[in-house]
Each structure stands twice: as structure tokens, then as C-alpha cells.
Amino acid sequence: MTLTRRTFIAGAIALGLAGSAYAAKPLVIGFSQVGAESEWRTANTVSIKDAAKKAGVTLKFADAQQRQENQVKAIRSFIAQKVDVIAFSPVVESGWDTVLREAKAAKIPVILTDRDVNVADKSLYVTLIGSDFVEEGRRAARWLADYAKKQPGKTFNIVELQGTVGSAPAIDRKTGFEEVIKGNPQLKIIRTQTAEFTRAKGKEVMEAFLKANGRSINVLYAHNDDMAIGAIQAIEEAGLKPGKDIVIVSIDGVKGAFEAMMLGKMNVSVECSPLLGPQLMQAAKDVVAGKPLPKRIVTEEKVFPAEVAAKEFPNRKY
Ligand code: GYE
């Protein structure tokens with residue numbers, strides 16, 4: 001038994017003896033969610049609510065509708081309510097220093113889920129539970145590079161639909177993808193624009209891409225499945241075949257992507273798991289119990305090309 005573990009157990013026994021009144025009190029977590037912009041997000045919300053119920057945690061849930069100011073308000077209200085733990089999935093990376101300092105001053109631990117923040121003082125949060133978005137971008141590009149290799153000499157013009165401007169997944173998925181295609185003469189990004197992670201915007205921006213570049217577009221790289229699904233509609237309405245005339249590469253691995261792959265309309269989706277609820281509940285309990293947590297808890301994920309979609313579909317949970 002390590003010293004820290006022994007100290008923890010001793011502490012827990014002391015607490016148990018002194019504070020049986022506390023024992024019955026459920027843990028209260030204030031959670032500020034990004035919004036309901038995608039299938040991924042909906043599954044993430046369900047996972048967190050279900051896990052809270054199962055863990056006997058009282059969850060105060062606030063939907064920020066993709067706006068940072070709403071998240072700041074929600075966090076301030078959680079501080080005022082003296083919740084035990086604040087958790088949130090930050091819509092964008094920057095601009096959190098002030099409100100996180102307020103949480104720290106109130107001695108309320110903060111756990112980040114899904115998306116990272118850009119703060120100079122890393123002690124402003126306990127841990128980040130979520131995916132490696134840079135690696136997801138690399139995985140998408142590696143799949144595409146392998147695909148292109150089978151048609152030597154051909155150049156693939158790529159259009160890119162970015163996620164929410166300033167968000168960790170949009171920044172990182174772009175970085176990882178560009179890192180891998182750099183110096184590859186077959187792969188070239190000809191247009192890139194945000195479509196805010198939604199289907200409606202994905203369709204709208206793809207329509208504009210098609211108007212400007214039409215048949216010279218060979219590949220769509222979308223930072224999430226919802227934008228890809230919206231773009232697929234635009235491509236079909238333009239009289240082209242998604243998955244054939246335009247190769248579709250996307251990220252998340254939600255059911256909608258598997259359905260598109262089974263219809264031959266999408267070529268690959270890189271998995272990003274939204275099922276973070278159980279890990280969040282465990283981390284919140286641990287932090288309140290005084291257990292040390294790693295600064296980063298990374299989710300395990302795979303890549304699903306269209307060929308395996310039908311076989312994998314029954315196993316998908318989101
Ligand atoms: O990929 C997208 C959602 O932050 C990982 O947010 C998440 C992203 C996810 O809107 O669908």
C-alpha cells in the first residue's frame with residue numbers, strides 16, 4: 001500500500017466517524033454543456049445524465065446553446081449555489097481565466113469534459129476527461145493518404161468543414177490533419193470554412209463550396225459527422241454522388257455516419273466517444289474524497305471505414 005493510499009483511507013475513516021450526517025448527502029455537480037448542436041452532443045448529455053442518476057449524484061444541468069457567455073453565467077451560478085464540483089465542456093478554448101479563478105477562490109474543484117481550455121495556470125482545473133482531437137485529425141488524414149496511394153499520380157482537392165471557431169476540436173482536428181498531409185503531393189486543401197458542427201450549416205457551406213468549385217472537389221473532410229451529413233445532402237442535390245464523386249471523411253462515429261456508410265455515401269468516420277458520464281462521476285467522487293487525479297484522462301477510440309459499417313452497426317451505442 002502506498003503512503004498516499006494509506007493516508008487517504010485513514011482520512012476516509014476519520015471522515016466517516018466524524019461526519020455521518022454528511023454520508024447521506026448526495027454529491028452535487030453543476031454541469032455546463034456546450035449545447036445540442038450534434039448527435040455526438042445529444043449522446044454526451046444522455047451519458048452524463050444517466051451516469052449521474054446511477055451514481056446517486058445530484059446534477060444541475062445547464063445548456064449554453066454554443067455561447068461562452070452562457071457558460072460563464074452558469075459557472076457563476078454554480079459557485080453561488082455552492083455545488084461540490086463544477087464540470088463543463090468549454091465551447092471555446094480561451095477566455096476562462098477569470099471565472100475559473102472565481103471557482104478556485106470559492107474552493108470548488110473544476111473538471112473539464114470533452115474540450116480543453118487555454119489557461120496559463122493549469123491549477124485552475126483538476127483534470128480533462130476526453131479525446132485526443134489532434135490524433136483524430138491525424139487518423140482522418142492517414143486514412144485519406146492510404147486511399148490516395150491506391151491512385152498514384154492523382155491529386156485530390158479537399159474541402160474542409162471546420163467545427164466551431166476557437167473550439168478545441170476544431171483547432172486540433174485541423175492541426176492533426178494538416179500535419180499528416182503536409183508534403184504529400186496528392187492531397188491539397190482548396191477551401192476551408194466553419195460550419196459550426198451542425199447539419200444545417202454543413203449543408204449551407206457545402207452548397208457554397210460546390211458553387212465555387214463544383215466538380216474539381218474530390219474530397220470532403222468534415223470535423224464532425226453532422227456537418228458531413230448536411231454536406232452529403234448538398235452534394236446529392238447538386239446531382240453528384242457522395243462517397244463516389246466526392247470522398248467523405250469525417251469524425252465522431254455516430255449512428256448517422258454508420259447509416260450513411262452503409263448506403264455508400266460516406267467513406268470513413270474516425271471515432272470520438274461521447275460516453276464520458278461514468279468517468280466524470282468517478283472523477284468527481286475521487287476529487288471530493290481527496291484522491292489525486294491525472295491531469296488528462298484520454299478516451300480510447302478507433303477508425304471505422306465503410307467496409308466494416310454493417311458489421312459494427314449493431315454494437316454502436318450512440
Ligand atoms: O465532435 C461534435 C460536437 O467536442 C468532441 O462537439 C466534441 C465535438 C464533436 O459538436 O460533434
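What takes up the space of the largest cavity? Select the ligand in this predicted model and you have found it: the largest cavity is the space that the ligand takes.

Next, show the residues around the ligand. There are 13 of them, and Glu37, Asp114, Arg115, Arg173 and Asp252 come nearest.

Now zoom in on the oxygen atoms of the ligand. Pick Arg173, where an N or O atom of the side chain is 2.8 Å from a ligand oxygen. Move on to Arg41, which places a polar side-chain atom 2.9 Å from an oxygen atom of the ligand. Then select Ser38, whose side chain has a polar atom 3.1 Å from a ligand oxygen.

Step back and switch to a cartoon view. Which helices each supply at least two residues of the shell? Select 39–55 for α3 and 168–181 for α7, and you have both of them.

For the last stop, colour the chain by domain. Domain 1 is made up of 14–131 + 274–300, while domain 2 spans 133–272. Keep the ligand in view as you do this: the shell around it draws at least three residues from each of these two domains.

Notes: Residues numbered from 1 in each chain as written. Predicted model: local features only at pLDDT ≥ 70, side-chain atom pairs only at ≥ 80, totals over all residues. Heavy atoms only, no water. Near = heavy atom within 4 Å. Polar contact = N/O pair within 3.5 Å; in protein donor to acceptor, adjacent residues only side chain to side chain. 1 Å grid on protein atoms, 1.4 Å probe; cavity = no way out; pocket = protein on both sides within 12 Å on 5 of 7 lines; lining within 4 Å. Sits in = over half its atoms within 2 Å of the grid points. Helix = DSSP H or I, 4+ residues; strand = E, 2+ residues; numbered from the N terminus. Domains from an automatic or database assignment.
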